[in-house]
Every structure is written in structure tokens, then in C-alpha cells.
Amino acid sequence: MEIVRQRRSKLLSLSSRLAKEKPLGTVCGIIILIMILVAIFASALAPFPYEEMHLIDRLQGPSGQYLLGTDHLGRDLLSRIIYGTRISLLVGLAVTTISVVISTLIGGSSGFLMGKFDMFLQRFCDAWESFPYLLILLTVMSIVGRGLVQIVLVMGIAGGLGGSRIIRSAVISIKENDYFVAAEAIGNTKWRAFVRHVVPNVMPYVIIGFSMSIGGVILGLASLSFLGYGLPPGLPDWGQLLAGEGRRFMEVGPHLALFPGLALTIVIYCLNMFGDAVRDLLDPRLRGGES
Amino acid sequence: MLIFPTLFILTLLVFLSLRFIPGDIIDVMMMEAIAGGGHRQLDRAEVEARLGLDVPVYMQYVNWMRGIFLHGTLGESLRLGWTVEDRIASRLPVTIELGVLAIVIGLLIALPVGIYSAIRQDTAVDYVGRTAAVIGMAMPNFWLAIMVMTYPSIWWGWSPPMEVVPFMEDPIENLWGFFIPSLILGTAMAAGTMRLTRTALLEVFRQDYIRTARSKGLRERVVITRHAIKNAFIPIVTLVGMQVPLIVTGAVIIENIFALPGVGQLFIVALNTRDYPVVQGVNLFLSAVVMFTILVTDLIYPLLDPRVRYS
């Protein structure tokens, strides 16, 4: 109980500091919160089902009935963007979760065990970093075929390998601390020292690092869908809205490309700004470009 | 970075990433070959042989490597009469021009704004510059590209040129054709460079040698140009090196949208037509380029910064 209360008060004080010191970050945080709510209640908020066609009202601009206009089959763009929010967030979270697990396993074991194992893994990561992210994703997606599960797995694994470096260096720096040396000196097994002392201290880096990468994941998904190697046509994610209808009908219905891209920009902007703000508050040493 | 083991693992990675082609893809390839008409009629055994799938996996790798090192070839495109390196070589100038122009435009935007932003820290200009940079980072470049192609043509009936004129024929026309794509690619990179320029300069301003320079009575202009900017440039050079993968990724998307016949477009077309030998070759080529840029950046760093060299 006590721990729960402490945690809660910590969270409260963090959010009040956020509101006081980082107004822009707070606004962005609120927008993200709204977006999460939109994603959860998509079916209640969307004015139409996202696949419902109104063939009489094809390719209409924004109007009272269709707030953001309609596409070439008369489907309501606003509803499609609202459902797209759900898909983007879902993929963002799922990919990030897989990435966290993989990079913690790889980075953690590499940094903890060191030696030849680490040596080999680091060369592997060097090679992986040289292989441009989009090229790997496109190549593998073209082989496994487009689909939700495929994309989550492929992006999750790719992101996990890339992120393992951060975890590795965090683990190595923790191993140099006195408390870790002491924990080993009093006879803890390696495994116990790892679980009790390294893992809890690495977790903040993991969580901050990866919550900041969700924006990148959403952008990556959009790029893949844009090039036709993302989600299947039944799942309208933002990149796909932009690529398919948006590009084909850009002369007659420019709104079809404008609004999904705007949604993408706003969300990625907010995720970046909110991430920056939280990171600055939690750990001033990690301050990035906004210092 | 140990170059040879890494290069070896890289070839393995590129190789293996395409080794899981399920059998039915070959059927698809054959169907597309027949439907496309551009290919000769192929039978299954021939397709497998062309892909090198008729020998065990390790032999496929050995054959590929043997081709590269003994015969200097990356393999043969499934389109008859082309080798992969021919295709890359014919497309490379476009991508290089796009990339170089993007870097130049990126720096032309980022450096002045970043430097000014740091000198006038926390003024309105600084805030505007920083906000623009963060928005620039959030904006997907493919969206920007589509917007540039859509709205000017609706409003003014103007659309960016979609044809590449050879540089030798008409340099101005050629550069103009590359201007919009490079600008879009460049602005995306400018955002990161601008932020880094600003922080690097602010960091340098805090150093003792800047205080010394000021206290011995140098004019502010001299302090900034001779002492501060020179030192702040070191991390920026590294960042520009790090942006090469960004250019590669950006080229794939931008060349596709603006119909520029570069390596990025070659990659997408090869992927769409399932010309996997070309995909494999382009992957190896571009990742090797990225790897060497990272290596060169690492090597240049101590040359620029004596503090790294002597410590």
C-alpha cells in the first residue's frame, strides 16, 4: 500500500512539475491523451463506419456532413482517420513492447556477460546499423507479405536490435558502481546481482528511450504503408490513406492527402515534444537539443 | 569498428534477409513474368537456377561472394541483359546528385538558423527557429512531397518538373529538376542539424577559452567566428556523416514520388517486380556505402579535434 501511495504521489508531483515547467510538453501530453481516448472509443466517435460507402458523395471536400470530406468511394475521411489513430497507436505500442523485450535481452546480456559473446554481438549490431532501416523493413515485408502481425514483428525485431546499444552501455555503466561491486562481493550469484541491481536501474532508460521512439515507429509504419509494403488495404492506417487515395486523387481531392499527413505530423510532433519534456524532468543529464 | 568482421556479417545479413523467399513467390514471379510480357517465358527450374536456388544455401552464399570477389559482379538481374552492378551504376549519378544537393541545402538552412538561434538564445527568433525545426522533424517527407505536388498545381497551375535533363545538356534545367526533391530531403535533415548546431554552440559558449577570448577584449564577431563556430563544427561534421543513412532512406521515398531514376527507385521497382537479385545487390551496395561513411566519420573526428587525438 505504502509503495503504491508513494508511486502515485511521485507521478502527481511529476505531472505538476511538467505543467509548471514545460507548458508546451503539457499541451502535447494532453493531445496524446486525447488521441489515446480517440483510439479507444473510435467506434463511438467516428460519424460513420470506416468502410461505409456513400457512392453519391464521392470525392467531396470538407462539408457539414463529412467534416473532412470523402474519398473516391464516398467513405468518410474523418472516420477513416479516427480508425487510423487506433491502428497507428496499436502498432506503435506493440512494436515498442517487442523492441523493449528484445533490446533488453540482447543489450542486457551483451553488457553483462561481455567477452567474446559481446564482441560478436557488437559486430552484428555494427552491421545492422549500416543496413538502412527502411531497406531491411521493405525487403523483409516484401517476402513475408503485408499484414498486421508481420509488420509488428518485423518492426519490433528491427527496432529491438537497433536499441540494444543503449541498454548495453547503461548496463556497463551500472556495473562500475560500488553498489554492484558490493553486491557481488557479499556473495550474490551473477544472476541475482543482475536481476536485483542491474535491471531496476536500467529500466528508466528503457522506458524513456522507447516511449520516445513510438513517434518514429508510427512514421516508419506510415512510410512502409505509403510504399505499399505496410498494412493490407482493409486496415486504413494514415500512411495508406496518404498513399492510396491521397496520391491517386490529389488533383480532385487534395484533402485526401492533406488531413492524414496533418494527423501524422501533429501526433509525431506531440510525441517528440512530450518525450523531450518528460526526459528533461526525469533526468537532466539526458537533455537533448532543447536545452 | 572492426571493418572486416562487420563487413562479413553485413554480407550474411543481406544474404539471409532474402533467403526466406517462400516457394510460392516463384510461382508469383512466373505469373508476373508471363503477365508482364517483358520477360521471356521462364520455367520453374530456370527461375530457381537464376535465383541460384538450385544449390544448398551455403553454396548460394559462396557463389554470391565468389561472383563479387573473383568476377566483380553483384549478380544478374532477372530482366535479361542486365547485371546488378550495371543497373546500380546507371542509376547512381542521380542519387548522388540528389544526396549532395540535399546535404548542401540542409546545411545552408541549418547553419545560419542554428548559429543565430544560439547567439540570440531565448529570443523570439530562437523560439521560432526551434519550433520550426521540431515541426520539420515531425513532418513526413513523403507528405511534404505530395503537398508540394498538389497545392501549387491547384492554386497556380504549377507543378515541379518530373523529368531529369542530363547535366551536360542543360545544367540549369538539370539543377532545377533536382531542386524541389533536394529541398524536401534537405529540410528534413536541416531540422536535426539546426538543433545540434545550436546546442553545440551554446556548449562552446560556456567554455573557459571563450571567456578568455572575450576578456582579452576581442570583438564579439571575432569570438564567435574564430573561436566558437570552429569548435562547434566538430560534432556537426559527425552528424552530417550520420545523415547518410537518412539520405538513402529518403532517396527511396523521394525518388519514387518525383520519378527520379536513381538507386532508390531502382530498389522499389526491383522490389515491386520481385527482381530479388537486384534487391540483394542494392541492399549490399547501399549498406556498404553507409558503413564506410560511418567509418570515415569516425576516422575524420580525431583529425578535426586535437583533444580526441591526443587523449
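Helices (H or I, at least four residues) and strands (E, at least two) are taken here as DSSP runs, numbered from the N terminus. On that basis chain A has 11 helices and zero strands, and its pattern along the sequence reads α-α-α-α-α-α-α-α-α-α-α. This is a predicted model, in which local features need pLDDT of at least 70 and side-chain atom pairs count only at pLDDT 80 or more, whereas totals for chains, interfaces and linings use all residues. Residues are numbered from 1 along each chain as its sequence is written, while chains are lettered from A and ligands numbered from 1 in the order in which they are written.

**Chain A overall**
- Of the 291 residues of chain A, 48% count as buried (20 or more other C-beta atoms within 10 Å of the residue's own, against 12 or fewer for exposed and partly exposed in between, with C-beta atoms placed from the backbone).
- Among the contacts in chain A with a separation of 6 or more, 67% join residues 24 or more positions apart, a contact being two C-beta atoms, placed from the backbone, within 7 Å.

- Gly25(A), Cys28(A), Gly29(A) and Ala39(A) are buried in H2(A).
- The buried residues of H2(A) fall within an arc of 105 degrees seen down the axis, so they line one face of the helix, the arc being that of the directions from the helix axis to the C-beta atoms.
- Pro23(A), Leu33(A), Ile34(A) and Leu37(A) are exposed on the face of H2(A) turned away from its buried side.
- Helix H7 (residues 148-175) of chain A reaches 39 Å between its first and last C-alpha, close to the 40 Å expected for its 28 residues.
- A kink of about 35 degrees in H7(A) is centred on Gly163(A), the bend being the angle between axes fitted to the seven residues ending there and the seven starting there.

**Where the chains meet**
- In this model 45 residues of chain B are in contact with 38 residues of chain A.
- H7(B) supplies eight residues, the largest share of the side of chain B that touches chain A.

Terms used: Expected span 1.5 Å × (residues − 1).
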